[in-house]
Amino acid sequence: MSPSTAILAYIPSPPQGVWYIGPIALRAYALFIIAGIVVAVVWGDRRWVARGGTKGTVLDVAVWAVPFGLLGGRLYHVATDWSTYFGPGGDPVQALAIWNGGLGIWGAVALGGVGAWIACRRRGIPLPAFGDAVAPPVLLAQAIGRLGNYFNQELYGRETTRPWGLEIYQRVDDSGRVDSLAGVSTGFVDKVVHPTFLYEMLWSLAVVVLLVIVDRRYAIGHGRLFALYVAGYCAGRFWVELLRDDYATEIAGIRINTFTAGIVFVLAVVYIVLAKKGREDPETLRSNDDVRETEDGVDGDSVDTEAVGSNVVNGTPGAADPDVKSKRNEEHT
């Protein structure tokens with residue numbers, strides 16, 4: 001980059017993304033993923049209780065959903081970037097190195113949803129309603145996770161001269177060999193690019209705000225808020241993908257993630273239009289354990305009665321229903 005094009009407003013990349021404490025490697029990518037999961041669980045649980053669910057349910061579901069999601073995200077990444085690991089010069093073992101980055105959100109949400117479905121079935125709660133509660137927290141977790149891409153110097157776009165361009169530094173390891181992930185910056189700017197990870201993060205935060213506003217104003221349920229999250233994210237991801245020029249699997253010259261974003265967006269919109277309107281009765285969201293404790297006369301602390309009472313469904317306060325078991329059976333049939 002010549003001095004005439006140097007702009008002080010360019011965003012510098014972090015000098016490194018991995019720090020070592022003895023033999024232990026602290027990776028920024030992993031730390032931000034973990035931080036996002038913690039935020040999603042804490043906020044998601046508050047939202048679930050406010051809708052009438054049992055306290056602690058989100059953590060129980062996360063025990064299933066997170067491992068499934070990580071596996072699904074990695075499988076999608078490897079499947080859509082197959083040649084990097086299994087093509088000429090590729091290293092198949094690196095397909096297992098999830099700590100080096102590489103999680104496809106499409107696979108993470110899809111397989112994470114399978115894990116959540118299993119957990120919800122075990123606790124006797126409707127998956128669509130659970131999805132509505134955790135939709136904003138999950139998208140916020142995705143936004144937090146994008147900061148890991150910043151430290152890894154990945155998921156950036158084409159070269160640019162925009163004042164908010166991102167400087168990509170050359171990084172080397174202790175032996176002087178180029179190592180863009182685990183190395184340390186030499187201070188040399190290799191190129192200035194569109195910070196597409198930042199674009200996606202800001203878009204995701206905007207959609208989080210939209211979801212919260214829509215949820216409060218219209219009290220939608222039955223999975224429609226989750227579908228709105230999916231549609232909103234896909235709309236942003238579609239145009240972000242158009243700014244990228246790094247290697248990716250393509251179909252007819254179009255990046256596969258662009259196809260995925262477009263198809264999933266249409267499916268999400270169709271679901272929003274066709275799904276049942278209104279919101280679930282709060283009594284149908286309580287877990288099996290909590291219902292059994294209530295029927296046995298045990299005064300547990302797992303239900304926030306004030307939060308339940310504050311929910312109004314079709315004009316009726318969410319108070320205890322005399323025929324709870326019948327309603328729950330109808331909900332899950």
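This is a predicted model: local features need pLDDT of at least 70, side-chain atom pairs count only at pLDDT 80 or more; totals for chains, interfaces and linings use all residues.
Strand 1 pairs with strand 4 (residues 166-172) in the parallel sense, over 2 bridges. Two strands are taken to pair if DSSP finds at least two bridges between them, and the elements themselves are DSSP runs numbered from the N terminus, with at least four residues of H or I for a helix and at least two of E for a strand. Residues are numbered from 1 along each chain as its sequence is written, and side-chain values use heavy atoms, with hydrogens and water left out.

The open sheet consists of 3 strands in the order 1-4-5, with mixed pairing. Strand 1 (11-12) and strand 5 (184-193) each have a single partner strand and stand at the edges, so one side of each lacks a neighbour in the sheet.

Gly165 lies in the loop between helix 5 (127-152) and strand 4. Because its relative accessible area is 0%, Gly165 is buried; the term covers values under 20%, while exposed means over 50% and partly exposed lies in between, with a 1.4 Å probe and protein chains only. Beyond its neighbours within four places in sequence, Gly165 is in contact with Tyr10, Ile11, Thr160, Val192, Val193 and Pro195, a contact being heavy atoms within 4.5 Å. Gly165 and Pro12 are 153 residues apart in sequence, yet their C-alpha atoms are 8.7 Å apart in space.

**Salt bridges**

A salt bridge is defined as a side-chain nitrogen of Lys or Arg within 4 Å of a carboxyl oxygen of Asp or Glu. The count by this rule is 11.

| Pair | N to O distance |
|---|---|
| Glu200 and Arg237 | 3.8 Å |
| Arg244 and Glu241 | 3.1 Å |
| Arg286 and Glu283 | 2.7 Å |

Arg286 counts as buried because its relative accessible area is 9%, and Glu283 is likewise buried, at 6%. Salt bridges with shared partners join Arg146, Glu200, Arg237, Glu241, Arg244 and Arg255 into one network.

**Nonpolar surface patch**

Phe265, Val266, Val269, Val270, Val273 and Leu274 form a nonpolar patch on the surface, with about 520 Å² of accessible area together. Patch members have over 30% relative accessible area and no salt bridge; nonpolar side chains (Val, Leu, Ile, Met, Phe, Trp, Tyr) are joined within 5 Å and like charges within 9 Å. Accessible areas come from the Shrake-Rupley method with a 1.4 Å probe, and for residues only the protein chains shown count as cover. Leu274 belongs to helix 8 (residues 256-274) and counts as exposed because its relative accessibility is 68%.

**Confidence**

The chain averages a pLDDT of 83, and 83% of the residues score at least 70; pLDDT is the predictor's confidence in each residue, from 0 to 100. Confidence is highest in helix 6 (residues 196-218), at a mean of 96, and lowest in strand 9 (residues 316-317), at 39. Over residues 299-333 pLDDT stays under 50, and the model has 58 contacts beyond four places in sequence for them. Residues 1-5 also stay under 50, with 6 such contacts.
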